[in-house]
Amino acid sequence: MVNFPHGFWNMGGFWMYVWPAYAVAFVVMALNVAAAYWPDKDDRNGSGE
Amino acid sequence: MSLLTAKHKRRGAFLAVILIALSAATFLMLRAFNENLLFYFLPSQVKEGKAPENHDFRMGGLVLNGSIKKDGLTVHFKVTDLHTSIPVVYTGILPDLFHENRGVIVEGRMTPSGLFKADQVLAKHDAKYQPPEMTPQMKKYMQMH
Amino acid sequence: MLLRKFSAPKTFYPLAGKLMPWFFWTFAVLGAVGLYWGLVLAPVDAVQGQAYRIMYVHVPSAWMSMMIYTSMTAAAIAALIWRTKVAELWLLCSPALGASFTFITLVTGSLWGKPMWGAYWVWDARLTSELVLLFIYFAILAMKSAIPDRRKAARVMAMITVVGFVNIPIIKFSVDWWTTLHQGDSIFRKGGPSIAPSMLIPLFMTALSFTSYYFWLVLKRIRTMIEKTENERKTA
């Protein structure tokens, strides 16, 4: 691939900064989906937190 | 039922008064703090003595073309705002965006000799996002694939 | 009156149910295409190298953090003046999503700042005002969990929301009003965007994807809350 002379997984700074940034976003967004679809049964106003 | 009865108008007016008062207060506060909200001083302001003398401050501008001299981990360069330029010395690792003719912010203090001793160098991004120009080798590579 | 009809939870509930799949699929499809385009197909940046790819999650999150707050302010005004039930529900269901996007903005921004600026965090006007936004969201959420009665909670949350709105123009224009380390706007600026089209298109895709994600989840949450109110009314 022309964009990644060292290969996609070895691209400079990918593991250090780019990948963690996407991981954080993915986890937070997944937690919000979970909170919306499987809300806590005990919570008072049924909104998930 | 109307959308704007006397009750609604009263609530709306109350809300509007609060909002206007709040915006005015914020505006005045920000104006008062304006100096402190500056993240950095320009070299011209530093020459005019506007920067604090007794403690560390930040100075920002462009790295003067052709002024970078590296000696191991120690680097000498000049920060310019196109009117005035001030020489800077720094020892340490430079950020990826540090380049000649690009924005830079240095944190440290002035020495009596007029040299700025920096403890930290921050590179400023110019808000431009462009792919690199294609080199002849890359063009050849693209044609082959 | 049409407006009054749509603002009743009974009409809003089925409407939200019909819209949700559209928002979900827009989110999923544009998200997948935008990410593949941004992470793999888009060219590397001339100066920043690979690290600029963080922008495809950072910039849309930052837009969302302000967009959600603005929608909450509109809802807050409607809730305070007309006591509109759907506006109250919108206000109750939005702040958790807004806080999440603000958090993502701050974390991804600092992961970009370290290699590019040379620091994870600086106290410049842009970064500080975005952090203040996170605290405002926390204050609104705290009111929600502190006040058991939903309608009373919504009214207090509405007041904080309206007061906190002054921070939004400060975030937006901080890079123009003061000298900041954070760069100025690349997209909404005089003379058009300063981003190459091959990099800009995937950015718009992820931005639209995130917007749809928010609408999808806020509608889901509002529906859950309407169901819960119905159940409470029946059992009471």
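**Domains of chain B**

I started with the spacing of the domains: in this predicted model, the centres of domain 1 of chain B and domain 2 of chain B, taken over C-alpha atoms, are separated by 40 Å. The assignment puts domain 1 at residues 7-35 and domain 2 at 40-123 of chain B; such bounds come from an automatic or database domain assignment.

**Ground rules I noted**

I number residues from 1 along each chain as its sequence is written, and letter chains from A and number ligands from 1 in the order in which they are written. Because the model is predicted, local features need pLDDT of at least 70 and side-chain atom pairs count only at pLDDT 80 or more, while totals for chains, interfaces and linings use all residues, and side-chain values use heavy atoms, with hydrogens and water left out.

**Chain B overall**

I found four helices and six strands in chain B, where helices (H or I, at least four residues) and strands (E, at least two) are DSSP runs numbered from the N terminus. Read from the N terminus, the order is α-α-α-β-β-β-β-β-β-α.

How much of chain B is buried? I noted 31% of its 145 residues; buried means under 20% relative accessible area, exposed over 50% and partly exposed in between, with a 1.4 Å probe and protein chains only. Chain B exposes about 9,500 Å², and carbon and sulfur atoms supply 59% of that area (Shrake-Rupley method, 1.4 Å probe).

I then looked at contacts, meaning heavy atoms within 4.5 Å. Of those in chain B between residues at least 6 apart in sequence, 48% join residues at least 24 apart.

Is B:H8 buried or exposed? B:H8 counts as buried because its relative accessibility is 8%. I located B:H8 in helix α1 (residues 6-32) of chain B. Setting aside residues up to four places away in sequence, B:H8 touches B:S2 and B:L3, as well as C:I81 and C:W82 from chain C.

Next I checked B:P52, which sits in the loop between α3 (43-47) and β1 (57-63) of chain B. B:P52 is partly exposed, at 24% relative accessibility. Beyond its neighbours within four places in sequence, B:P52 is in contact with B:F41 and B:F57.

**The largest pocket**

I read a volume of about 730 Å³ for the largest pocket. Four helices of chain C, α3, α5 (95-116), α6 (125-146) and α8 (167-177), each give two or more residues to its lining. α3(C) supplies the largest share, eight residues. The lining has 35 residues in total, and those nearest the pocket centre are C:H58, C:V59, C:A62, C:R126 and C:H182.

For the terms, a pocket is an open set of points on a 1 Å grid over the protein atoms alone, where a 1.4 Å probe fits, with protein on both sides within 12 Å along at least five of seven lines; lining residues have an atom within 4 Å of a point. The volume is the space filled by probe spheres set on the points, which are joined across faces, edges and corners.

I found C:R150 in helix α7 (residues 150-164) of chain C, and it counts as buried at 12% relative accessibility. The C-alpha atoms of C:R150 and C:T108 are 34 Å apart.

Chain C has a mean pLDDT of 91, with 97% of its residues at 70 or more; pLDDT is the predictor's confidence in each residue, from 0 to 100. Where pLDDT is low, the predicted coordinates should not be read in detail. I also logged ipTM 0.90 and pTM 0.87 for the model.
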